[in-house]
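Have the sequence and the 3D view open side by side as you read.

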Amino acid sequence: PSSFFGLSPALPIFFVLLFSISPSLLFSSSSSPFSRDSLSYKIGQMVMVGFSPYSSFKDTVYYDIEHRNLGGVILMAYNLQNPAQITALTADLQLSATTPLFIATDQEGGVVARLDENNGFTETPTAYHLGTTLDSENSTRAAAATMAQWLVQSGINTNLAPVADVNVNPVSPAIGRLNRSFSADPYKVFDHAFWFASEFHDRNITTALKHFPGHGSALGDSHDGFTDVTATWSDAELTPYREFILEEYTGMIMTGHLYNAQLDSVYPASLSESTVTGLLRDSLGFEGVVITDGMGMGAITNNYGFEEAVVLAINAGTDILLYTTDEHDGVSLTGEIIRIVLKNIDSGVIAEERIHESYDRIMTLKAGIGTSVALTDAGLPDTDRLHAFPNPFNGATMIRFHIDHEITEIAHLRIYTTLGQLIAERSLAVNGRGDYEILWNAAAP
């Protein structure tokens, strides 16, 4: 394959409002509670967390987005109720952010598909069905294109997929048994994973190949505990990654919590400098973002302390640490990571340059993907959320917002249905600090 890169006006019942100041840029310096160049700001971008909608730590996520520059949020099945709720949630998360967020989920298809028939979408085929049963480029692209469009409409810009594991062991508990691998042929894995990923990239959604350097031969499951692939793994499992890198792949690669003495006699891949930096970066030539598998899995938590794992992962060359919660021992997990990293920089255990390297990679990737809210170098509008009254409404509604900065620019107000359809866009002059309002008529948007 070639290189990766080189409503009608019917009245919505509820709608999502997105706001930006033009010209659109990636950052806002004046609204940030810390210096853009500070280490804390950069470390926050290296963390991706999840949250339970039933936990008080949902509020902590918003605090960490606004005050600790949290870089990403992962949405699990329990966060996703229906298309309207998902679109509103992702818009609300982005509107809270100074730096646009990675909003991620796992949308592989089959058993690992967060958008499915249970929350307003449909059942999707497994990777095995696409790569082995059908083995057709058209089928794989069609399935991926459908799911990619769902993510676009939902405001999700990061898919923690596709699985690039080779189906070496068809009964491997985390991969083969769940039909998550495309094929036992590493080149077919590459072909189908490439077709799959390209459909997302074509829609400005980044992907994450997983689980480097290969989980397909494992006899155990890293969710549960220590997983040793030393005796079952072979270099052929690197083939999909080699081929992606040759095709100038610029998405993420996710490391697995897999112990492989052939590569590192002490640490699992996700914590291994020789695997992440030595093999993936230096030998295979990958220059993009490396993200860990969930750091709360048994393979890590059963064998390493929280601080130890954070330090090892960063020193290994990892850019993003993934957790499915933002709580650690009753406090903010994001805050704890920032504290730990700063402490270890001060003591010389982590080199400050590691943070700058990861931050630069993350910002480069974020500049190339879709986000629901565009921010500006002239200053992020402090809106306390946009307000509309009445909502729901018949015919027309008054939209009000507040600007807390002395700026003179052109503002763009974009109105979406809760299914993510853009139905109106208005430009209006912003003349300094104050309250603004616009009457929007749905009959003549």
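The notes below go through the aromatic rings and then one asparagine. Keep in mind that this is a predicted model.

**Aromatic rings**
- Searching the whole structure turns up 13 aromatic pairs.
- One of these is phenylalanine 194 with phenylalanine 244, a tilted pair with 6.0 Å from centre to centre and 45° between the planes.
- That pair links distant parts of the chain, since its members are 50 residues apart: phenylalanine 194 is in helix α6 (residues 186–201) and phenylalanine 244 is in helix α7 (residues 239–246).
- Phenylalanine 244 also pairs with tyrosine 249; their ring centres are 5.2 Å apart and the planes sit at 75°, which is over the 60-degree cut-off, so this pair counts as edge-to-face.
- Buried or exposed? Phenylalanine 194 and phenylalanine 244 are both buried, and tyrosine 249 is buried too.
- Step back and you'll see one aromatic cluster made of Phe190, Phe194, Phe244, Tyr249 and Phe286.

**A charge over a ring**
- Now look for phenylalanine 102: lysine 366 lies over the face of its ring, 4.8 Å from the ring centre.

**Asparagine 79**
- You'll find asparagine 79 in the loop between β3 (72–74) and α3 (83–95).
- Its relative accessibility is 2%, which is under the 20% cut-off, so asparagine 79 counts as buried.
- A polar atom of the asparagine 79 side chain lies 2.9 Å from the backbone nitrogen of methionine 76.
- Leaving out residues up to four places away in sequence, asparagine 79 touches Phe51, Pro53, Ile74, Gln85 and Leu89.

Key:
Residues are numbered from 1 along each chain as its sequence is written. This is a predicted model: local features need pLDDT of at least 70, side-chain atom pairs count only at pLDDT 80 or more; totals for chains, interfaces and linings use all residues. Side-chain values use heavy atoms; hydrogens and water are left out. Rings of Phe, Tyr and Trp (its six-membered ring) pair if their centres lie within 6.5 Å; planes under 30 degrees apart count as stacked, over 60 as edge-to-face and the rest as tilted. Helices (H or I, at least four residues) and strands (E, at least two) are DSSP runs, numbered from the N terminus. Buried means under 20% relative accessible area, exposed over 50%, partly exposed in between (1.4 Å probe, protein chains only). A charge sits over a ring if NZ of Lys or CZ of Arg is within 6 Å of the ring centre and within 35 degrees of the ring normal. A polar contact is a pair of N or O atoms within 3.5 Å; within protein, one must be able to donate a hydrogen and the other to accept it, and residues adjacent in sequence count only if both atoms are side-chain atoms. Contact means heavy atoms within 4.5 Å.
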